Amino acid sequence: MTAHALPRAERPCKRCPWRKDVPPGEFPASRYEELRVTSEQVPGDEPGLDAPMFACHKTKEGREKACAAWLAAVGHRHIGVRLAVAQGRLPAQALTPGESWPPLFATYEEMATTQAGEDR
């Protein structure tokens, strides 16, 4: 790892929306709409180099860390993530679920559709 490692969570938190075992409704549908830019929506139409990464909701604004579950589920489809791996700033094993992890959603659409709560 280089001195400029990509900040990331090491494993999914207990309320991570990427976990299939987390009940829906933690975040409103509008939040998932805002975060669509972090993930591929149509096969082959990946986020660009300027696209943000899906941050762990437990990290502080301005000091965000990439969500561990997002990295493991769909991170390989984000060119910025692949670049971080190629540059040695992110270990390639971060792109697969760790041992004893819960089941994760396979796509952003599946996760967002299942997990979106009502906007208030």
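Good morning. In this predicted model, the largest share of the lining of the largest pocket, four residues, comes from helix 1. Helices are DSSP runs of H or I with at least four residues, strands are E runs of at least two, and both are numbered from the N terminus. Local features need pLDDT of at least 70, side-chain atom pairs count only at pLDDT 80 or more, and totals for chains, interfaces and linings use all residues. Residues are numbered from 1 along each chain as its sequence is written, and side-chain values use heavy atoms, with hydrogens and water left out.

To continue with the pocket: its volume is about 330 Å³, taken as the space filled by probe spheres set on grid points joined across faces, edges and corners. A pocket here is an open set of points on a 1 Å grid over the protein atoms alone, where a 1.4 Å probe fits, with protein on both sides within 12 Å along at least five of seven lines; lining residues have an atom within 4 Å of a point. Of the 17 lining residues, R31, L35, A55, C56 and H57 lie nearest the centre.

I turn to the core. The largest nonpolar core has 29 residues, and W18, F54, W70, L90 and Y108 have the most contacts inside it. Such a core joins buried Ala, Val, Leu, Ile, Met, Phe, Trp, Tyr and Cys residues through side-chain atoms within 4.5 Å; buried means under 20% relative accessible area with a 1.4 Å probe, protein chains only. Helix 1 (29-35), helix 2, helix 3 and helix 4 (108-115) each give two or more residues to this core, and helix 2 supplies the largest share, seven residues. Just after helix 3, G88 takes a positive phi of about 80°.

Finally, which residues does L6 contact, neighbours within four places aside? They are M53, A84, R89 and L90. L6 is in the segment before strand 1 (27-28), and is buried, with a relative accessible area of 12%.

Conventions: Buried < 20%, exposed > 50% of the residue type's maximum accessible area, 1.4 Å probe, protein only. Contact = heavy atoms within 4.5 Å.
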